[in-house]
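Subject: Handover of a structure and notes on its features

Dear colleague,

Please find below the structure that I am handing over to you.

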Amino acid sequence: MKNFDPINSWNDKEVAARYAEHLRGDEDAAVRFLTEYVNGGRALEFAIGTGRIAIPLFENGVQVDGIEGSSNMVEQLKSHPSGSHIDVKIGDMSNVSIGQHYNVVYLVYNTIFNLLTAEAQIQCFENAARHLSPNGSFIVETALPHTWIDVGKSDYVKAEHVGISNVTFDVAKYDPVTQLMEENHVHISENGISMNPIVCRLISPGEMDLMARISGMKLIDRFANWEKSPFDANSTLHISVYSHA
């Protein structure tokens, strides 16, 4: 798309409205998981978005603050009755400071991938470490890169929906040098063609562990999902928990 900016694209009003309406079905499990690690303290969500996790976490008795780069996402969050109780600072999660310490800092659903350089991703880990209380936990959820891009392949086209009057397919190209994946969800219907592009920098669990070490943290736990299933060779995503080294 002409003049597409992968960072500012998240501030689009239509994108924010779509996120506000879209749940993934893992919210209850994520809230139980995070509440356990918060252990009666406060939580900070990086890239809090429209509050998909933060709002039910607050309603479960946890005080939640957030950092978010999209003012339109925050507007959607604040429109929820519980959203007015959640303080959100607009800015870049890799460097914005709240000026407080938290028992949990968390970052869900591949959002670390939205930072498009290794330096920015390391800075995000460093910022999380600065916000953690002495015994706090930085909790990150991402997919495993090989589940998106097959080993040995650099691109793909996948049908996501095939209907009588509309078709949606996912097109992606991966550059192993930069680790950037350029992806576009293309929707074709009787009304025309629409595109929803995104750019991500994919990183493995091992690379994340190294970023944590650089930031003065270490891996404490790793699970295959919010239900704490064991992480193994068949896992498609991971929930990784870091603390001060």
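Leaving aside its neighbours within four places in sequence, which residues is Ser 243 in contact with? In this predicted model, the residues in contact with Ser 243 are Gly 136, Gly 216, Met 217, Lys 218 and Ile 220. Ser 243 belongs to strand E11, and with a relative accessible area of 14% it is buried, because the limit for that term is under 20%.

Strand E11 and its partners

Strand E11 (237-244) is mostly covered, with six of its eight residues buried. Strand E5 (132-143) pairs with E11 in the antiparallel sense over six bridges, and Ile 139 stands opposite Val 241 in E11. Strand E10 (217-223) also runs antiparallel to E11, to which it is joined by six bridges. In that pairing, Met 217 stands opposite His 244 in E11.

Helix H6

Helix H6 spans residues 205-214, and its residues Pro 205, Met 208, Met 211 and Ala 212 are buried. They lie on the same side of H6, because they cover an arc of only 115° around the axis. Leu 210 and Arg 213, on the other side of H6, are exposed. The buried residues of H6 pack against helix H5 (118-131) and against strands E5, E9, E10 and E11. After H6 comes Gly 216, which has a positive phi near 80°; Gly 216 is also one of the residues in contact with Ser 243.

The open sheet

Strands E6, E7, E8 and E9 form an open sheet in that order, with antiparallel pairing. Its edge strands, E6 (155-162) and E9 (192-201), each pair on one side only. On average, neighbouring strands of this sheet are turned by 15° against each other, direction ignored. Strand E8 (residues 180-189) pairs with E9 over ten bridges in the antiparallel sense. Among the residues involved, Leu 180 has Arg 201 in E9 as its bridge partner.

Nonpolar cores

The largest nonpolar core holds 34 residues, of which Phe 46, Val 105, Ile 112, Phe 125, Phe 138, Met 217 and Tyr 242 touch the most other members. At least two residues of this core are supplied by each of strand E1 (42-46), strand E4 (102-107), H5, E5, strand E7 (166-175), E9 and H6. H5 provides the largest share, six residues. Apart from this core lies another, of 25 residues, including Phe 33, Val 62, Tyr 106 and Val 108.

Phe 46 deserves a separate entry. Leaving aside its neighbours within four places in sequence, Phe 46 is in contact with Ile 67, Met 93, Val 105, Tyr 106, Leu 107, Cys 124, Asn 127, Ala 128 and His 131.

Cysteines

How many disulfides does the model contain? With a limit of 2.5 Å between the sulfur atoms of a cysteine pair, the count is zero.

With kind regards

Methods: Residues numbered from 1 in each chain as written. Predicted model: local features only at pLDDT ≥ 70, side-chain atom pairs only at ≥ 80, totals over all residues. Heavy atoms only, no water. Pairing = 2+ DSSP bridges. Helix = DSSP H or I, 4+ residues; strand = E, 2+ residues; numbered from the N terminus. Axes fitted to C-alpha atoms, helices over the stretch in contact; angles between N-to-C directions. Buried < 20%, exposed > 50% of the residue type's maximum accessible area, 1.4 Å probe, protein only. Arc of directions from axis to C-beta. Contact = heavy atoms within 4.5 Å. Core = buried A, V, L, I, M, F, W, Y, C linked by side-chain atoms within 4.5 Å.
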